[in-house]
Amino acid sequence: MTLPEARSAPGPRAAQLARGAIEEVLFAIQDIPVDLDRHDLRDRLLRAVQCTFAVRDSPVISAAHLDGLREAAAMATEGRALLTRAGDPAAVEPLRRAVERLDAAAAALREGADAVAQIQLARRHELMGDPDAGGPPPARAFRASVGLPELHAPPRRPLLPHVIVEPRAPLPAPPRPPARTPRPSTFEELEAFANASAAPIGDDPVVAEAPPGEPAVQYFEPAIAEVDALRHLGRDCLEDIAGLRNLRKPNALESWIDQGPFEQRLLDNLDAFAALGGAVLPLVSLFHAEARSPDPERAFAVALTLGCIEGSDTVGAAVMTLKQSPPEELPGWLEGFWLAPSPAIDVAMADLCASSRPSLVALALDVLGARGSTPDDVVMALLERPEPEIAARVARALATALPRGEAIDHLERVCGMTGDDEVFVTAVESLLRRGHSPAVDLLRSAIDARTSPARGRRALPLLCLVGRAGDLDRLLAAANAAPTALLLRGLGRFGHVESLGTLLNFLEHEDKDIVAAAAEALERITGAGLRETIEEPWELELPPEASGAGGIPVPARRVERIITDLAPWSAWVRDKARRLDAKQKTRGGGPFTPLRIVAELEARTTPPERREEAFLELWLVTGLSSPFSPHDWVARQQRHLAELRAQVSAAAGAPGAWSIAARHNVMAPLAKPRSPLPRAPSADLSPHLAEPSPRASSADVSPSLAEPISFEERASSPPAAPTPAPSFGSTTTAILSPALIAQLTAGVLPFQQGSPAADADPTPAPSFGSTTTAILSPALIAQLTSGVLPFQQGSPAADADEGRASQPPPSRSSSLPALPFRPPPGPTNAESAAAPAQRPASESSTAPTPPGAASSAGPAEMSLAQYAALCAELAVFPEQAEAIFGRYGLSVPRDRLAVDLAWKERLRRDPAEHQQWQARYRHYVAYWTEQRTRGQR
C-alpha cells in the first residue's frame, strides 16, 4: 500500500492512531506504581502493535486487513482489563492515563474495522484470503553487499522490540498475613508439629552426600545450544557495525575514497548478521538496551541493521527503540536510517512527523531530506509548526517539496516574519536552490541592516556563493570588520581578483584559523600551487590522569599544506596576478566554470566539510539538483559524481560569470519524482536517458525554462570561449544541452511565457532528470538531421525538398559574407497546415533587413522567421551570443530587449502566430543542431 493510500484509507489511518496510543502506554508501564503482571501486559500490547503493521501492509480487500483491526482492538481491551484489575484508575493518575489511551485506541480500531467491513461488503466479489499477509515478507535468496547494502529477507518470525517495563522505583511490598498452621488432627501430625517446633532456627539444611561408588556432583557450564552460539556471533557483528560507524569517516590523512574498505567491512558484518537468520533479530533491541550511557554508535547499529531487513515490523521495532533512547543518540539514528535501504523507513519517518516531540519530528525530516523522499503532504501538515527546529527543517525541505510557486510564497513569508537567524538563512538558501533570484536581495538587506548583526554574519558566506561582482565592497567591508574563517573561504569561492590584497593582509592575523582560511582562499582564486610539506603532531585524546603526566612522546605526521607566509604570496601576486581578469569570476587562475566544482568534489585531497560547501555552491550556481552527499556510501558518491559531471559538461554556460547568471543556460532537473509524464509520441529515447522528471507546473521548472532569458541578460554575461562541437561519428550518442533536449521533446520554447496557446494545454513539458547524455535512436537522429522533428510527420513536400538547397535562416544584416554551410530547408507543408493563420506581411519577403533597422525595436522590423531563427541559433550556440546578435543587427543590448519584448507580446496575443513561430523554431533548432554535431560551425 502506498503512502497516500495509507493516509486516506480508514484501516491504516485507524491503525496509525491506535499504534501511537498503545506505544505511549508501553513506554509508561514503568511509571505505573501498582503491582501487576507487566510482562503479560507488554506482550499483549506488542501483539496489538504487530497487528497494526499487518493492517498497513495489506490491501483493504484482504482478510488480514479486517482481522488485524479486530485483533488489535481485542488486545487493547485485554490490556485495559489487566490495568483496571491491578488498581483503581481514579486513585492512581498514571494508571488512569494508560486506561484512557487504551480506550481511545480500542475505539479507533473498532471504528476502523466497521468502515473496512462496509468496504469489503461493497467489494465482496474482490475479497481474497491471505493468512500470511500480516507476517514478515517471504524469504529470498541471500545476496552479498558490494559497495552498497542489500535488503535481506531471511526466514524469520515477526519481530517485536524490547521494551523495558520494570518499575523505575521499587514498589512497596504489600503486607502479608501470618501463615496459619493447620490444627493437628492425628497423633502423627501432632508429633511432626512438635519436632518442627523443636528444630533450631537458622540452621543450614543438611546436604546429602553422594552414595559410595558414584561420582560427586560437578558444577560446570553445560554445552550451549546452537541458537546460543548464533546469538553470540550476532552480537559480535553488532559490535563491529557500531565501531565501524566512526571508522568510515575520514581523518586528517585519509580521503573519502579511502573509506571504501572500511565500508565494505561494515557491509560484510551486516551480511553476516542477516545470514544468521531470524534467531538473532531480537538481539538488536537488547544490544541497545544494555548500554549504560547514551551511545550513538549503538543507535546507528540498530537503525542500519534493522533497516537492511525487509519488512515494516523491523523498521517499526527500530522506531520504537528510538523513542526510548536519549536525545544524545539522535545523530546515530539519523545516519543509520539514512544509509539503510529499506523502503519502509520512508513510511515510518512520515508517520513520525506527526509526533508531539519536536526532536523526533526534526529527526524524521532530516532522514527524509537525506533520502530525498519528503512527501508534499507531510510538509504541508508542518508548515505552521512554530518550533524553531521544525521550522528550519520545513524551510530546508521546501527546496524540493511542493510546487515552486507555493514553496516560494511560504519561504518569502518565513523570511519576513521569523526572528530566528537559522530559520531565516535556511529559508533564503531554499529560495536560492529554487532559482529565486530576488532572494539575493534578502541577503544583502540582512547584511546591511544594523538591527541584527548575527543574521548578517550568517548571511555573508551564502552571499559569497550567489553574489555578483558588485557585492565585493560589501563582502570586503564585512571581512575587515569581523573576519571569520568561513567568510574568508567564501571570498575564495566568490573569486574576485580585487580581493587578493585583503586576503594577503589576513596572512598576518593572529588567529591561525583565519590565516589558514586566507591562504586557502588565495589558492582557490589563483591556483598558484604554493604548498609545502610539514610535520605536524597528532591530536591525541588522553584521559585527564594521563594528560598532565608528561613524558609521553607525541607522534607526528607528514602533511601537505598551503603556504601561509606573506612573502611568497606577495611575490606571486606582484608578478603574476596581472594576468587575471578582474571582470570575471576566477577559480584556480582561470575563468570560473562549474566543472571546477565537480573536480573539487572528486579530488581526494578535499576534506568532507569543503565538499559540503562545494556541493552547495554547485547547486546554487547551476541549479542541478542531485542526491549527492559527501557522507554517503563511497560507491553511491562515485555514481552521483559521474552523473553530475555529465550534466555539467553538457550544460551550456558562460565561463567567469557570477552568481545565478550562470544558471540561465543550465537546466535544473527537479529534485524528487512525483508522477511520471508520458514521453513524446514519436521520440524514441533510449532507457539510458534519465527517467522523466516530476510533474510540475510551469512555475516549478528550472529558471532556464520557466523564466525566459532576455537578450539583455545574455548580453550582460561574459562571452564564452568557443566550445568544440561534439562529434557523433558512427554512434548515436548525442551530448545535447538539457534545455535543448526538453525543447526538442516537448516543444517548450525559451520565450514562451503564458501564451494562450500554452495555457490551453495544461500538460507540463517533460524534462529529464539527472543526465543530459541522450542516447538517440537512429530514426530520431535521421529526423533531426533532415529537419523533420518527431512531432511533425514527414510530408511529401518535405521529402521532395530533401537534399535540395534552400534559403538559410533569415539574417537582419546584408553586409555579412556568405555563411560557410549549407542552408536549411524551409518549413514543410505539414508545418504550414499546423498553423493555418495568415503569415505576417514581413515574412513573405526573403530580403534581409538593413543592419540599422533595429533601433525602432518593433516586431514588424524583424520577420517571424528571423525571430525564430535568432532564438533557435541562440539556443544551440549560447557561447556565440554576441556574434549572433551582431549578425542580426542587435549589437546594442537595449535594442535586443525591445525586440524581444515586442515579439513576446505579439506572440502572446496571437495563438495562431505563436504556433507558426513554434514550428519554425523547431525547424531551425534541428538545422543548427545538425551543423553543430557535424562540426561545421
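Predicted model: local features only at pLDDT ≥ 70, side-chain atom pairs only at ≥ 80, totals over all residues.
How much space lies in the second largest pocket? About 1,900 Å³. The lining takes in 44 residues. Closest to the centre are E520, E560, R561, T605 and P607.

Which elements give two or more residues to that lining? There are helices and strands here. The helices are α22 (485-494), α24 (512-526), α27 (594-602) and α28 (608-622). The strands are β1 (531-537) and β2 (556-562). Helix α24 gives the most, with 8 residues.

Of its residues, 20 are charged, 17 are nonpolar and 7 are polar.

Next, the helix pair. Look at α19, residues 439-448, and α20, residues 453-466. Their axes lie 8 Å apart. The angle between them is about 140°. The crossing of the two is left-handed.

Which residues meet there? From α19, we have V440, L443, R444, A446 and I447. From α20, the partners are R455, G456, A459, L460, L462, L463 and V466. That contact divides into 9 nonpolar residues, 1 polar and 2 charged.

So, to recap both parts. The contact of α19 with α20 has 9 nonpolar residues and 2 charged.

Terms used: Residues numbered from 1 in each chain as written. Heavy atoms only, no water. 1 Å grid on protein atoms, 1.4 Å probe; cavity = no way out; pocket = protein on both sides within 12 Å on 5 of 7 lines; lining within 4 Å. Points joined across faces, edges and corners; volume = space filled by probe spheres on them. Helix = DSSP H or I, 4+ residues; strand = E, 2+ residues; numbered from the N terminus. Nonpolar A, V, L, I, M, F, W, Y, C, P; charged D, E, K, R; others polar. Axes fitted to C-alpha atoms, helices over the stretch in contact; angles between N-to-C directions. Left-handed = near helix turned anticlockwise from the far one by under 90°. Contact = heavy atoms within 4.5 Å.
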